[in-house]
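Here's a quick tour of this structure, grouped by topic. Have the sequence open alongside as you read.

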Amino acid sequence: MGTISSAFSLMSGALNADQSALSIVANNVASANTPGYTAETPNWQENAPIQINGVSYGSGVTQTGATSLRDRVLEERLDQQRQLASASGARLTALNSVQALFTPDSGSASAKAGDIGSDMTSFFSSFASLEANPTNNALRQQVLSSASTLAGDVSNAAASLNGQRAALNQDASGITSQVNSLTGAIAQLNQQIQSTSPSADAGTLEDQRQQDLSQLSKLIGINQITTENNGLSITTTSGQLLVSEGSSFQLTTGSAGGVTHFYVGTTDVTSQLASGGGELGGYLTARDQDIPSVMNSLDQLAFSVSTQVNTLNDSGTDLDGVSGTVANPLYIFSQPTAVAGSAANMSVAMTDPNQIAAAGLGQGAGDNSNAVAMASLASQLIANGQTPTNYYSNLVSTLGATVSSVQTENTAQNASVTQLQTQNDALSSVNLNDEASSMETLERSYQAASQVFTMLDRIMTSVLNLGVQTAVS
Amino acid sequence: MRVDPNYISNLATSLDQAQANQEQLTAELSSGVSITALSQNPTASGQNVLLINQIQQDDSFTQSSNLVTGQLQVADSTLGSVVSQLTQAISLATSANNGTMNASNVKSIGNQISGILNEVQSLANTNYQGQYIFAGGQTSTSPFSTSNATSPAATIYNGDQNINYLETPNGQKIQLNVPGSQIFSGSGAKSVFGALNSLVADYSSGAVNTAQAVTDTEALGTAMNYVSQQRVTIDNSITQLTAASEAVTSDQTQLTAAQTNLMQADVATVSTQLSLSETQQTALEDVIAQLDSASNSLFSKLQ
C-alpha cells in the first residue's frame, strides 16, 4: 500500500513540476516580443504507477521540459512565399524607377522637355513647318533645336537606364556576403542541433535556424531538405547546394559581359537565381530582362529615327545647293553603326542649319519636297514596322503593363505572406492571454500541492506523536 | 482555435495602406492629373502619347498654314495687279491700233506699254520674306530679267518648274506656288512677256504695222486670260488651306477634349474616394485604440 512518505514525494514532485512549468510560462512571457521566438509548452509526463500487493498506485507527475509550438510545413510554406514576395517587391522598386523616366505628359499643345513622344512629334513637325518656307533660317534652326531636344532626352533616358542597371548590379552583388554569412550560420546551427537534439525539436537553436532561413528567403530563392538527425540541407531553387548539414558552400561573384555573375563553385547560377526568387531574383530580373528590354526598344527607336532621317537628308539638297557625298554626308544625327547603344549615343551632329536638305536632289533651295518626305517619316512604318509615335506609344504601354502586372503580383504575394504569417503566428507566437491562463492554472495547482503537503505534514505529526499531543508539533 | 496574437500589426499595415491611398488621391487632386505613372493605366498612357502627337501635329499645321496663307495672299493680290496692268496695256494698244493716232502718240503709247512691261516684270519678281514667289524652287534669285539685245526684247525666266506642296496632318497636299514661267511666259500666245515685248517693238518706231499690232494685242488678251486662270489655282489653294485649317482646328479641339478626359482627374470622384479613405483610417485608428488598451489583456485581471 501507499505510504505517507510516498505521498510526500508525490507532492514534492508535483511542486517541482509546477515550478518548472511556471518557468516555461515565464520564459514565454519574457520572450513574447522576441523576433523568431516560438512559444513553448510544458511537457507533462505521468510517472509509472507502483504495484503494491497487486494494487496499482499512481506516483505523480514529472515535467520533462518544453516543446516549441512549431509547424515546419507552415514555416517552409511561409519562406517560399516570402521568396516570391521579396522578388516581386525588389523588381517592382526597380521598375518604378524605370517608369519614372517615362512619366505621361499631361500637357496638350506644347512639347515638354523629358517627354520623348512629344519630342519626336515636334521634331517631325519642325520639318512640316519647314515645308511652308524651306529657306527660312528660323524654321531651320527649329529643326536642329528640336532634333537636339529629342536626342538629348533619348540619350538621357538611356543613360538613366544604364545607371539604374549599374545600381541594381551593385545591390545584387551586395547580397552575396549576406547570403554567405547566413548559410554559414545555418551550417553551424545544423551541427549544434544534430549533436544536441537529434531526435526532438531543438527549441531555441531551431528558432535561430528558422530565423536565419526567413532572412535567407528574403534574399534568394531556396529549397529546404530535412535530413536525418534534425539536420537541414539548402539548395537554390535550381538545385545548387548551398548548405549540406554541417557545411556551407559560398556564393561567389565574378564579372562577365559588364555585369556581375554569380557562381556556386564554378557553376554560373546567375540566370537560375534570376528566376529563383528573393530580392536577388528581383534585382537580377530587372537587371537582365526588364531594363534591357526597355533599352532595346529605345535603341531601336533611336536607330530608326537617326538612320532614316540621315538617309533622307543625305539624299536631298541643302540651302547652299550641296548634296551629301560618301566623304561628306549630310547627317543631322550622328550616324549609329549598330542598334545596340543607339539611344545612349544619340546626338545631333549637324551644327549649320543651312545643311538641312529641304530640297530634293538637284532642286533649287526653294523646293520643299525633301522636307515633305522627312516630315512624312512621322507617319511611315520605320520603327520595326510601326510609325515612330506608335512604337513609342507601344513602348510606354508595354512598360506600364509590366509594372502594373508586377504590382498586382506583389500585392497578391504580400497578402499571401500576411495570411501565412497570421496562421504561423496563431500557432507559434506567444499569446499573452493563454500564458495568463496557464499561469493561473499552474498557480492554483502549486497552491493545491502546497496545501496537500501541509496536510500531509499534519498527518505525519499525528503519526509521530501516536496520540501524545505535545511530543512533536 | 488559436488566434494570431499580433493582429495589431496587421491592422497597422491596413492603416499604412489607407494612408498611401490618401497620399495618391491627394496628389491627383493637387496636380489635377489622374495618371502620374505609366502603371496606373498603361493603355491610357499609350493612348495619351498618340493623342498628344496628333494634337501637336495639328498645332504645327495651324502655324504653318498661317505662314503660307500670307504667301498665297501676296501671290493672289500680285496676280490681281498684273491683270489690271495688262487690262490697261490692252486698252492702250487697242487705241493705238485704231489708226487715228500720229507717230508721237503711238511712241508715247509704246513707252507706256514699256512702263507696264517693267511694272509686270517687277510684279513677277515679287518676293515674300526674301523669297521670290514665282521662281519655282529657285527662290533666291529674281526669276525674270529682260534683255534688249534683240528686237523685240526678250524676257527670260531664270527660275524652274518646281511646285511645293504643304501636307496636312491627314495627308492632303495643298499646292503652294505656281512657277512664274507657267504664268508669264507660257508657250505661244500664252506668254505675257512675249506679247508685251512684241507690242513695245510694234510701237517703238511710231509707224504701226496694224495687222501685226492687232495680232499681238490679241495675244496679250489671251495671255491675260491665262494669268487669270493661273490665279484660280492660287485661290483654290487658299480655299483648301482655309478649309483644312478649320478642319484641323476642330479636330484639335476634339482631341484636346479627349486627352483631357483621359488624363485629368475627376475631382468629384477623387474627393469621394479621399473622403471614404479618411473614414476608413479613422475607423482603423479607433479599432486599434480599443484593442490596444491594457484592460484587454487577461494579465490585467489577475490579482
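Predicted model: local features only at pLDDT ≥ 70, side-chain atom pairs only at ≥ 80, totals over all residues.

Residues are numbered from 1 along each chain as its sequence is written, while chains are lettered from A and ligands numbered from 1 in the order in which they are written.

- Helices (H or I, at least four residues) and strands (E, at least two) are DSSP runs, numbered from the N terminus, and two strands pair if DSSP finds at least two bridges between them.
- Strand E10 (residues 259-264) of chain A and E11(A) are joined in the antiparallel sense by two bridges.
- A:Tyr263 has A:Asp268, in E11(A), as its bridge partner.

**The four-stranded sheet**
- Chain A also has an open sheet of four strands, ordered E5-E6-E7-E8, again with antiparallel pairing.
- Strands E5 (222-226) and E8 (247-248) of chain A sit at the edges with a single partner strand each, so one side of each is left without a neighbour in the sheet.
- Strand E6 (residues 232-236) of chain A pairs with strand E7 (residues 241-244) of chain A over three bridges, in the antiparallel sense.
- Two of the bridge partners in E7(A) are A:Val243, which goes with A:Ile234, and A:Ser244, which goes with A:Ser233.
- The hairpin of E6(A) and E7(A) has four residues between the strands, and A:Gly239 in the turn has a positive phi of about 105 degrees.
- E7(A) and E8(A) pair in the antiparallel sense over two bridges, with A:Ser247 in E8(A) as the bridge partner of A:Ser244.
- The hairpin of E7(A) and E8(A) has two residues between the strands, and here A:Glu245 takes a positive phi near 45 degrees.

**Where chain A meets chain B**
- How many residues does each chain put into the contact? Chain A gives 55 residues and chain B gives 51 residues, where contact means that C-beta atoms, placed from the backbone, lie within 7 Å.
- On the chain A side, helices H3 (116-132), H8 (369-375), H9 (388-428) and H10 (432-465) each supply at least two residues.
- H9(A) provides the largest share of that side, 17 residues.
- By class, the side of chain A that touches chain B has 20 nonpolar, 30 polar and five charged residues; Ala, Val, Leu, Ile, Met, Phe, Trp, Tyr, Cys and Pro count as nonpolar, Asp, Glu, Lys and Arg as charged, and the others, Gly among them, as polar.

**A residue to look up: A:Val396**
- A:Val396 is found in helix H9 of chain A.
- Is A:Val396 buried or exposed? It counts as buried, because it has 26 C-beta neighbours inside 10 Å; the cut-offs are 20 or more other C-beta atoms within 10 Å for buried, 12 or fewer for exposed, and partly exposed in between.
- Not counting residues up to four places away in sequence, A:Val396 touches A:Phe102, B:Leu38, B:Ser45, B:Gly46 and B:Val49.
- A:Val396 and A:Asn296 are 100 residues apart in sequence and 13 Å apart in space, C-alpha to C-alpha.

**Domains of chain A**
- Chain A is divided into domain 1 (4-69 + 430-465) and domain 2 (77-416), with bounds from an automatic or database domain assignment.
- The C-alpha centres of domain 1 and domain 2 of chain A lie 65 Å apart.
- Their contact takes eight residues from domain 1 and seven residues from domain 2.
- Strand E4 (residues 61-68) of chain A brings the largest share of the domain 1 side, three residues.

**Nonpolar cores**
- The largest nonpolar core has 143 residues, and those with the most contacts inside it include A:Val154, A:Leu298 and B:Ile113; such a core is a set of buried Ala, Val, Leu, Ile, Met, Phe, Trp, Tyr and Cys residues joined through C-beta atoms within 7 Å.
- Helix H4 (residues 137-196) of chain A gives the largest share of this core, 18 residues.
- Another core lies apart from it, with 11 residues, among them A:Met11, A:Ile24, A:Ala66 and A:Met439.

Technical notes
Contact = placed C-beta atoms within 7 Å.
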